[in-house]
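Thanks for coming, everyone. I will keep this short. Please look at the screen while I talk.

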Amino acid sequence: MEDFILEMHHITKRFPGVVALDDVSFKVKRGEIHALVGENGAGKSTLMKILNGVYKADEGSIILNGEQTVIKNTNEAKAKGLGLVFQEFNLVNSLTVAENLFINRLTKKHGRVDWKGIYKNAQDFVDSLGFNFKATDKIEDLSAAQRQLVEIAKVLSIKTDLIVMDEPTSSLTTTETEILYKIIENLKRQGISVIYISHKLEEVFKLSDTTTIIRDGEVVDSGPTSSFTRNQIVEKMVGRSVDTEFPRKQCEIGEVVLKVDHITRNGLIEDISFELHKGEILGFAGLIGSGRTEVAEAIFGAEPYDKGVIEIQGKKVAIHSTHQAKKENIGLLTEDRKETGLVLAYNLIWNITITNLDKVKNGRFISAKKEAKLAADLSKDLNIKTPSLKQYAINLSGGNQQKVVFAKWLFSDVDILILDEPTRGIDVGTKYEIYLLMNRLAEQGKSIIMISSELPEVIGMSDRLVVLSGGRKMGELSRQEATPEAVMSLAVLN
């Protein structure tokens, strides 16, 4: 009999209007790395939150270390040797790294909190993991990637037998991802089990011993990772055959709709020039910190540029605010949908219509009926999965949240759409839907700038590529010239 550290039997969980998990059974061996994969909304995170006491299952049982157990809350989960690295940050931003690591377990010396000892232990621990920040740094001063590393450190600082990592590399750079890989391999050597949730299948094949695939709240397959091919996993996740990963259609490329001449911004970008044509997908490639997002923010008026000229349809425009950019029919899908793309406490209707309220007015007042109807049409068109349009955005899966951000710009009917990391943190099925949507928009004569850190994606979906490094434009490549080697040779020039 296999030595299973965890057995979850016949788990069912219902939410209003949806069955999130339907009779799911899931086992993890001691000391293995077990990948849990599926589309957004498939039920992966729900299953793990039941394991960690965040949710209570409606049916089913949990056996931990050979004993049936009930886990009522996260404190009980920790006491039983379970750790969860959340996809959403669960940190106190106003506190330091050390305070977040040792919160609720501050050591005392002579009756007082031993801050000196706490900060020394925290710094030693952070250093041992190879992280590049100080224990005295406040969370609010850290980058998204560094905050993700603090989440990981929080779990590793407590004695655990089983760790769940939910999309741990979604905010990490390549260097930080490699550090995490080494940490996971070390955990395995120590006999600690890891449940690894990721949409990045290259990580699944690199790290995991076993893979379980969930679709629509049900387990569709489970076995040694080496027994699957990438295409088999994708097809089982989405429930259909996927012929090509990047389905770029060749559209008719028209006249120049956007011309950027010598844009410079406060040392972050310098002397950037390019043109965007009607019906074109123009890719922006480069390493982290190359200036891609800064160019997008300058064009959209989110951040001021110091020098340079922007022309729309041959006319010079001065874009100094997002309002002006919208008037020029420019939209920006930001790289962080939760922070800057959505109002999480608003429902879907309000998030979709917020960019163009004039469209849903009757006279001076907003027509709730018209607003609901137009939002429903877009929701259906983009296949947004939700029990109700009055569902708050915070309760949607990542892929459906991203579709809502797309919907709000489609609602505004912009002509130029800048997509900054449009598929970050979403599953392969939803990625494919977004690629098809990009094709459709280009066929309609819309013009797209696509920024992506995933090199195969930006090469596969672009008609032309602009490569940046250190805030400078290193070169332009046609679709035929844009090989990974050609892009990287330019991206590392500076």
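How many of the residues of H14 are buried? The count is 15 of its 15, and the helix is mostly covered. Buried here means under 20% relative accessible area, exposed means over 50%, and partly exposed is in between, with a 1.4 Å probe and protein chains only. Helices are DSSP runs of H or I with at least four residues, strands are E runs of at least two, and both are numbered from the N terminus.

Two notes on method. This is a predicted model, where local features need pLDDT of at least 70 and side-chain atom pairs count only at pLDDT 80 or more, while totals for chains, interfaces and linings use all residues. Residues are numbered from 1 along each chain as its sequence is written, and side-chain values use heavy atoms, with hydrogens and water left out.

Back to H14. Just after H14 comes Asp413, with a positive phi of about 55 degrees.

Now the aromatic rings. The whole structure holds 7 aromatic pairs. Rings of Phe, Tyr and Trp (its six-membered ring) pair if their centres lie within 6.5 Å; planes under 30 degrees apart are stacked, over 60 edge-to-face, and the rest tilted. Take Trp115 and Tyr119: their ring centres are 6.1 Å apart and their planes stand at 40 degrees, so this pair is tilted. Both sit in helix H4, residues 115–129, 4 residues apart, or about one turn of the helix. An α-helix has 3.6 residues a turn, so residues three or four places apart point the same way. Trp115 is partly exposed at 36% relative accessibility. Tyr119 is partly exposed too, at 21%.

Next, Phe300 and Trp409. Their ring centres are 5.9 Å apart with planes at 90 degrees, so the pair is edge-to-face. Phe300 belongs to helix H9 (residues 292–300) and Trp409 to H14 (residues 398–412), so the pair ties together parts 109 residues apart in sequence. Both Phe300 and Trp409 are buried.

On a 1 Å grid over the protein atoms alone, a cavity is a set of points where a 1.4 Å probe fits but cannot get out; a pocket is an open set with protein on both sides within 12 Å along at least five of seven lines; lining residues have an atom within 4 Å of a point. Grid points join across faces, edges and corners, and a volume is the space filled by probe spheres set on the points.

How many cavities of 30 Å³ or more does the search find? It finds 2. H14 and helix H15 (428–443) each supply at least two of the lining residues.

The second largest cavity is about 40 Å³. Among its lining residues are Met48, Phe86 and Asp166. Helix H1 (residues 44–51) gives the most, with 3 residues.

Last, the second largest pocket, at about 540 Å³. It is lined by 23 residues, with Thr74, Lys78, Asn90, Lys154 and Ile158 nearest its centre. H2 contributes the largest share, 4 residues.
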